[in-house]
Amino acid sequence: MKTIFILITILFSNVSKAQPVLDTLYANSKKNVALFFPEAIRQGITGTSHFVFTYNRETKQYFGLLHGQPGEESNLLVITDDGQVYSYILKYAEELPKLNYFISKKESIGSEVPFSLEPKPRQKRLDSIEKSLEYFQSFSKYLIKTKPKRLASKQKNGIKVEIHKMIYHKSETYLVMEVSNISDITFETDFLNVYRVSGNKKRKASYQRLEMKPLYIYNPPTKIWNGQSLRFVYVLPKYVLGEKEKLLMELQELNGGRKVILSTKL
């Protein structure tokens, strides 16, 4: 539905030309399929949830990663910073004919033209953000109340980090986690970061660590008293780990040396 909505809100620069035939991209869950665009990606949406297109929403970049699960064919719509629109058919394949696509501006199917030349009121944008945050809060609150099921755990120096749930919902991934303090000293959090990691750390040339910044944190674990356990939720942009990728959590103490690193394949 999201793709259909976006398509009907776009006018193309030359409507007199026939509708172009869309190229087909193949993806699976085992390998990253990289798409390199001539301009930074502003928005990218797939038609169904079993295909996921990820790109850096915080810092503008020219490439995105495509993953797929078995299912019916779908489509991908990408809009770059210069307003150019790119559209592709998506299909799942066990064997991929190509892993890297370097896309030129000639492949654009048109340019984005807003309905009005006047900029949208700032208040509308703020209202939209506020509604998203309210929904993140509401759904996170619901997840916190569900029965926990430990998916991964790591304990060090009396501090334990656990992952209880990983939920894909709409365009986000919800990580339900818990930090427990079984030491005699109160733990104050400096940061808890989440990363996608691939390669071997001993081989620096192949090792990559990409931080995934949360869109929202419910009940952030700023201070955990001795004997206390605190459950919380990280809301992240939707992602699918590749075959050789891992999820890594790094919890660092404020004004202290305690650190817990949890690495899991999930």
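Student: Why is Leu247 counted as buried?

Tutor: This is a predicted model, and in it Leu247 has a relative accessibility of 0%. Buried means under 20%, so Leu247 counts as buried.

Student: Where does Leu247 sit, and what does Leu247 touch?

Tutor: Leu247 belongs to strand S18.

Tutor: Contact is judged on heavy atoms within 4.5 Å, and Leu262 is on the contact list of Leu247.

Student: What makes S18 and S19 a pair?

Tutor: Two strands pair if there are at least two bridges between them. S18 and S19 are joined by six bridges and run antiparallel, so they meet that definition. As an example, Gln252 stands opposite Lys259 in S19.

Student: What lies between the strands of that hairpin?

Tutor: The hairpin of S18 and S19 has five residues between its strands, and Asn255 takes a positive phi near 55° there.

Student: Which residues of S19 are on the covered face, and which on the uncovered one?

Tutor: Val260, Leu262 and Thr264 make up the covered face. Lys259, Ile261 and Ser263 are on the uncovered face.

Student: What makes a group of residues a nonpolar core, and which members of the largest one touch the most others?

Tutor: The members must be buried residues of the nonpolar kinds, such as Leu, Val or Met, joined through side-chain atoms within 4.5 Å. The largest core here has 22 residues, and Leu175, Leu192, Val194 and Met249 touch the most other members. S11, S12, S13, S17, S18 and S19 each supply at least two residues of this core. Apart from this core lies another of 19 residues, among them Val33, Leu35, Leu90 and Ala93. In soluble globular proteins, nonpolar side chains tend to be buried together.

Student: Which residues does Met249 touch?

Tutor: Leaving out residues up to four places away in sequence, the contacts of Met249 include Ile163, Leu175, Met177, Leu192 and Val194. Val260, Ile261 and Leu262 are also among them.

Student: Is Ser183 buried or exposed, and how do you know?

Tutor: Ser183 has a relative accessible area of 15%. The cut-off for buried is under 20%, so Ser183 is buried. Ser183 lies in the loop between S12 and S13.

Student: What makes the pair of Ser183 and Ile185 a polar contact?

Tutor: A polar atom of the Ser183 side chain lies 3.1 Å from the backbone oxygen of Ile185. The limit for such a pair is 3.5 Å, so the distance is within the limit.

Student: Why are S10 and S15 said to stand at the edges of their sheet?

Tutor: The open sheet has five strands in the order S10-S11-S12-S17-S15, with antiparallel pairing. S10 and S15 each have a single partner strand, so one side of each is left without a neighbour in the sheet. Neighbouring strands of this sheet are turned by 20° against each other on average, direction ignored. Five bridges join S10 to S11, and Ser153 stands opposite Glu162 in S11.

Student: Which strands pair with S7, and in which sense?

Tutor: S1 runs parallel to S7, with four bridges, and Ala27 has Tyr92 as its bridge partner. S6 is antiparallel to S7, with six bridges; here Ile79 stands opposite Val85.

Student: How confident is the predictor, and where is the pLDDT below 50?

Tutor: The chain averages a pLDDT of 86, and 86% of the residues score at least 70. Over residues 1-18 the pLDDT is below 50. Where pLDDT is low, the predicted coordinates should not be read in detail.

Note on methods:
Residues are numbered from 1 along each chain as its sequence is written. This is a predicted model: local features need pLDDT of at least 70, side-chain atom pairs count only at pLDDT 80 or more; totals for chains, interfaces and linings use all residues. Side-chain values use heavy atoms; hydrogens and water are left out. Buried means under 20% relative accessible area, exposed over 50%, partly exposed in between (1.4 Å probe, protein chains only). A polar contact is a pair of N or O atoms within 3.5 Å; within protein, one must be able to donate a hydrogen and the other to accept it, and residues adjacent in sequence count only if both atoms are side-chain atoms. Axes are lines fitted to C-alpha atoms, for helices over the stretch in contact, and angles run from 0 to 180 degrees between N-to-C directions. pLDDT is the predictor's confidence in each residue, from 0 to 100.
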